[in-house]
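Visitor: Could you show me how to read a few features of a model, one at a time?
Guide: Gladly; let us look at it together.

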Amino acid sequence: MRKSLCVEVWPVVLIALLGLRSASVTAAEEEGFQPLFDGKTLAGWEGDPRFWSVQDGVIVGSTDETKTPHNTFLCTTKTYKNFILKLEFRLRNHNSGVQIRSKRLDDFIVAGYQADIAEKRYMGILYEERGRGILADVNPDEVAKHVKPGDWNEYTITCDGPRIRLQLNGFTTVDYEEKSPEGAKEGIIALQLHAGPPMKVEFRNIRIKELP
(Lines give C-alpha, C1' and ligand atoms only; values in the text may rest on other atoms or scores of the structure.)
Protein backbone atom coordinates (compact mmCIF):
# COMPACT_ATOMS: atom_id res chain seq x y z
CA MET A 1 0.00 0.00 0.00
CA ARG A 2 2.85 2.38 0.89
CA LYS A 3 4.61 1.65 -2.42
CA SER A 4 1.43 2.35 -4.37
CA LEU A 5 0.99 5.70 -2.62
CA CYS A 6 4.52 6.80 -3.55
CA VAL A 7 3.94 5.85 -7.15
CA GLU A 8 0.80 7.97 -7.21
CA VAL A 9 2.24 10.98 -5.34
CA TRP A 10 5.59 11.44 -7.11
CA PRO A 11 4.12 12.35 -10.54
CA VAL A 12 2.00 15.01 -8.84
CA VAL A 13 5.03 16.42 -7.02
CA LEU A 14 7.08 16.40 -10.21
CA ILE A 15 4.36 18.26 -12.12
CA ALA A 16 4.16 20.84 -9.32
CA LEU A 17 7.93 21.37 -9.36
CA LEU A 18 7.97 21.74 -13.13
CA GLY A 19 5.13 24.23 -12.83
CA LEU A 20 7.09 26.28 -10.30
CA ARG A 21 10.13 26.24 -12.59
CA SER A 22 8.01 27.35 -15.55
CA ALA A 23 6.52 30.21 -13.54
CA SER A 24 10.03 31.24 -12.44
CA VAL A 25 11.30 31.26 -16.04
CA THR A 26 8.31 33.33 -17.17
CA ALA A 27 8.86 35.85 -14.38
CA ALA A 28 12.55 36.10 -15.27
CA GLU A 29 11.74 36.66 -18.94
CA GLU A 30 9.35 39.49 -18.06
CA GLU A 31 11.66 41.15 -15.53
CA GLY A 32 12.00 44.85 -16.22
CA PHE A 33 8.94 45.08 -18.48
CA GLN A 34 6.33 47.76 -17.84
CA PRO A 35 2.77 47.76 -19.23
CA LEU A 36 1.88 50.34 -21.89
CA PHE A 37 -1.83 49.47 -21.73
CA ASP A 38 -3.76 49.22 -18.46
CA GLY A 39 -6.44 46.95 -19.93
CA LYS A 40 -9.22 49.42 -19.18
CA THR A 41 -8.52 52.81 -20.75
CA LEU A 42 -6.38 54.48 -23.41
CA ALA A 43 -4.41 56.39 -20.78
CA GLY A 44 -0.97 57.17 -22.22
CA TRP A 45 -2.27 56.94 -25.78
CA GLU A 46 -3.83 59.44 -28.20
CA GLY A 47 -5.86 58.71 -31.33
CA ASP A 48 -9.07 59.54 -33.16
CA PRO A 49 -11.90 58.24 -30.91
CA ARG A 50 -13.96 57.37 -33.98
CA PHE A 51 -11.56 54.52 -34.64
CA TRP A 52 -10.08 53.40 -31.31
CA SER A 53 -11.68 51.98 -28.16
CA VAL A 54 -11.16 49.50 -25.33
CA GLN A 55 -13.44 46.47 -25.27
CA ASP A 56 -13.14 43.54 -22.87
CA GLY A 57 -9.55 44.42 -21.93
CA VAL A 58 -8.41 44.80 -25.53
CA ILE A 59 -7.54 47.83 -27.68
CA VAL A 60 -9.81 47.69 -30.71
CA GLY A 61 -9.17 49.62 -33.91
CA SER A 62 -11.92 49.58 -36.53
CA THR A 63 -12.99 51.45 -39.63
CA ASP A 64 -16.25 49.50 -39.95
CA GLU A 65 -18.42 52.46 -38.95
CA THR A 66 -16.28 55.34 -40.22
CA LYS A 67 -13.95 55.30 -43.22
CA THR A 68 -10.54 56.89 -42.74
CA PRO A 69 -9.17 58.99 -45.64
CA HIS A 70 -5.60 58.09 -44.70
CA ASN A 71 -3.72 55.68 -42.45
CA THR A 72 -4.58 56.65 -38.89
CA PHE A 73 -2.77 55.77 -35.66
CA LEU A 74 -3.13 55.37 -31.93
CA CYS A 75 0.02 56.99 -30.52
CA THR A 76 1.87 56.86 -27.22
CA THR A 77 2.28 60.22 -25.50
CA LYS A 78 5.82 59.25 -24.57
CA THR A 79 8.84 58.64 -26.80
CA TYR A 80 11.22 55.68 -26.58
CA LYS A 81 14.77 55.10 -27.76
CA ASN A 82 16.20 51.63 -27.06
CA PHE A 83 13.78 48.94 -25.91
CA ILE A 84 12.17 45.53 -26.21
CA LEU A 85 8.47 45.83 -27.01
CA LYS A 86 6.11 42.87 -26.66
CA LEU A 87 2.46 42.77 -27.63
CA GLU A 88 -0.23 40.47 -28.96
CA PHE A 89 -2.38 41.33 -31.97
CA ARG A 90 -5.32 39.83 -33.80
CA LEU A 91 -6.01 41.02 -37.34
CA ARG A 92 -9.44 40.39 -38.82
CA ASN A 93 -8.51 41.66 -42.27
CA HIS A 94 -6.51 44.10 -44.39
CA ASN A 95 -3.36 45.78 -43.03
CA SER A 96 -2.03 47.18 -39.77
CA GLY A 97 1.31 47.63 -38.07
CA VAL A 98 3.29 48.75 -35.05
CA GLN A 99 5.21 51.99 -35.40
CA ILE A 100 8.48 52.38 -33.49
CA ARG A 101 10.83 55.36 -33.12
CA SER A 102 8.25 57.29 -35.12
CA LYS A 103 7.06 60.89 -35.45
CA ARG A 104 3.47 62.01 -35.03
CA LEU A 105 2.19 64.46 -37.63
CA ASP A 106 -1.16 66.27 -37.92
CA ASP A 107 -4.48 64.39 -37.75
CA PHE A 108 -2.91 61.29 -36.15
CA ILE A 109 -0.71 60.62 -39.16
CA VAL A 110 2.63 59.00 -38.29
CA ALA A 111 5.97 58.66 -40.07
CA GLY A 112 8.73 56.20 -39.24
CA TYR A 113 9.68 52.56 -38.78
CA GLN A 114 6.84 50.05 -38.88
CA ALA A 115 6.67 46.36 -38.01
CA ASP A 116 4.05 45.38 -40.54
CA ILE A 117 0.92 43.34 -39.83
CA ALA A 118 -0.90 42.03 -42.89
CA GLU A 119 -3.14 39.24 -44.08
CA LYS A 120 -0.51 37.78 -46.37
CA ARG A 121 2.30 39.40 -48.32
CA TYR A 122 3.70 42.02 -45.96
CA MET A 123 3.42 40.31 -42.58
CA GLY A 124 6.68 40.66 -40.66
CA ILE A 125 8.49 43.13 -42.92
CA LEU A 126 10.18 46.31 -41.67
CA TYR A 127 8.65 49.31 -43.43
CA GLU A 128 9.20 53.04 -43.15
CA GLU A 129 5.84 54.82 -43.20
CA ARG A 130 5.98 58.05 -45.22
CA GLY A 131 9.65 57.42 -45.80
CA ARG A 132 11.85 54.92 -47.61
CA GLY A 133 9.25 52.15 -47.93
CA ILE A 134 10.34 48.54 -47.39
CA LEU A 135 13.62 48.48 -45.46
CA ALA A 136 13.80 44.73 -44.87
CA ASP A 137 11.67 42.25 -46.81
CA VAL A 138 10.75 38.65 -45.96
CA ASN A 139 9.92 35.35 -47.60
CA PRO A 140 6.13 35.46 -47.12
CA ASP A 141 5.75 31.69 -47.48
CA GLU A 142 8.24 31.10 -44.67
CA VAL A 143 6.67 33.74 -42.40
CA ALA A 144 3.21 32.27 -43.00
CA LYS A 145 4.32 29.02 -41.32
CA HIS A 146 4.67 30.91 -38.03
CA VAL A 147 1.47 32.98 -38.11
CA LYS A 148 -1.96 32.07 -36.78
CA PRO A 149 -4.42 33.79 -39.16
CA GLY A 150 -7.40 35.35 -37.42
CA ASP A 151 -6.01 34.42 -34.00
CA TRP A 152 -3.73 36.07 -31.44
CA ASN A 153 -0.07 36.41 -32.44
CA GLU A 154 2.83 37.89 -30.51
CA TYR A 155 5.25 40.49 -31.83
CA THR A 156 8.56 41.06 -30.07
CA ILE A 157 10.28 44.18 -31.39
CA THR A 158 13.79 45.07 -30.29
CA CYS A 159 15.41 48.44 -30.98
CA ASP A 160 18.97 48.64 -29.71
CA GLY A 161 21.14 51.30 -31.29
CA PRO A 162 21.17 50.81 -35.08
CA ARG A 163 19.78 47.27 -34.79
CA ILE A 164 16.07 46.51 -35.19
CA ARG A 165 14.85 42.93 -34.79
CA LEU A 166 11.29 41.69 -35.40
CA GLN A 167 10.01 38.35 -34.09
CA LEU A 168 6.60 36.82 -34.76
CA ASN A 169 5.62 34.08 -32.34
CA GLY A 170 9.31 33.55 -31.63
CA PHE A 171 10.37 33.44 -35.29
CA THR A 172 12.77 36.17 -36.41
CA THR A 173 11.42 37.80 -39.57
CA VAL A 174 13.84 40.75 -39.70
CA ASP A 175 17.24 41.50 -38.21
CA TYR A 176 18.10 44.91 -39.61
CA GLU A 177 21.02 47.27 -39.06
CA GLU A 178 20.38 50.90 -39.90
CA LYS A 179 23.27 52.45 -41.82
CA SER A 180 21.57 55.62 -42.99
CA PRO A 181 21.53 58.91 -41.08
CA GLU A 182 17.85 59.10 -42.00
CA GLY A 183 17.04 56.41 -39.46
CA ALA A 184 15.37 57.79 -36.34
CA LYS A 185 16.98 56.98 -33.00
CA GLU A 186 13.97 57.82 -30.84
CA GLY A 187 10.24 58.37 -31.22
CA ILE A 188 6.73 57.30 -30.33
CA ILE A 189 5.15 53.88 -30.55
CA ALA A 190 1.88 53.73 -32.50
CA LEU A 191 -0.72 51.24 -33.72
CA GLN A 192 -2.03 51.47 -37.28
CA LEU A 193 -5.38 51.35 -39.04
CA HIS A 194 -4.87 51.33 -42.79
CA ALA A 195 -6.93 53.29 -45.30
CA GLY A 196 -8.99 51.23 -47.73
CA PRO A 197 -11.68 48.63 -47.05
CA PRO A 198 -13.37 48.42 -43.63
CA MET A 199 -11.02 46.62 -41.26
CA LYS A 200 -10.50 45.62 -37.64
CA VAL A 201 -7.42 44.90 -35.54
CA GLU A 202 -7.01 44.23 -31.81
CA PHE A 203 -4.06 44.58 -29.41
CA ARG A 204 -3.44 43.37 -25.87
CA ASN A 205 -0.65 42.61 -23.37
CA ILE A 206 1.44 45.57 -24.54
CA ARG A 207 4.58 45.93 -22.45
CA ILE A 208 8.02 47.43 -22.84
CA LYS A 209 11.48 47.08 -21.36
CA GLU A 210 13.68 50.12 -21.91
CA LEU A 211 17.35 49.42 -22.65
CA PRO A 212 20.38 51.61 -21.91
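Visitor: Where is the place of Ala-111?
Guide: Ala-111 sits in strand β8 (residues 110-118); strands (E, at least two residues) and helices (H or I, at least four) are DSSP runs numbered from the N terminus. This is a predicted model, in which local features need pLDDT of at least 70, side-chain atom pairs count only at pLDDT 80 or more, and totals for chains, interfaces and linings use all residues. Residues are numbered from 1 along each chain as its sequence is written, and side-chain values use heavy atoms, with hydrogens and water left out.

Visitor: Is Ala-111 buried or exposed?
Guide: Ala-111 has a relative accessible area of 18%, so it is buried (under 20%; exposed is over 50%, partly exposed in between, with a 1.4 Å probe and protein chains only).

Visitor: Which residues is Ala-111 in contact with, leaving aside its neighbours within four places in sequence?
Guide: Contact means heavy atoms within 4.5 Å. With those neighbours left aside, Ala-111 touches Gln-99, Ser-102, Lys-103, Leu-105, Glu-129 and Arg-130.

Visitor: How do I read aromatic pairs?
Guide: A pair of aromatic rings is described by the distance of the centres and the angle of the planes. Rings of Phe, Tyr and Trp (its six-membered ring) pair if their centres lie within 6.5 Å; planes under 30 degrees apart are stacked, over 60 edge-to-face, and the rest tilted. By this rule the count is 2 aromatic pairs. Tyr-80 and Phe-83 have ring centres 6.4 Å apart and planes at 75°, so they are edge-to-face. Both Tyr-80 and Phe-83 are buried. For Phe-89 and Tyr-155, the centres are 5.6 Å apart and the planes at 40°, so that pair is tilted.

Visitor: Which strands hold Phe-89 and Tyr-155?
Guide: Phe-89 is in strand β6 and Tyr-155 in strand β11 (residues 153-160), so to speak a link between distant parts of the chain, 66 residues apart. Phe-89 is buried at 1% relative accessibility, and Tyr-155 is buried at 0%.

Visitor: And how about empty space?
Guide: Rolling a probe the size of a water molecule over the atoms shows where empty space is left. On a 1 Å grid over the protein atoms alone, a pocket is an open set of points where a 1.4 Å probe fits, with protein on both sides within 12 Å along at least five of seven lines; lining residues have an atom within 4 Å of a point. The largest pocket is lined by 18 residues, with Ala-118, Glu-119, Lys-120, Val-147 and Pro-149 nearest its centre.

Visitor: Which element gives the most to the lining of the largest pocket?
Guide: That is α2, with 4 residues.
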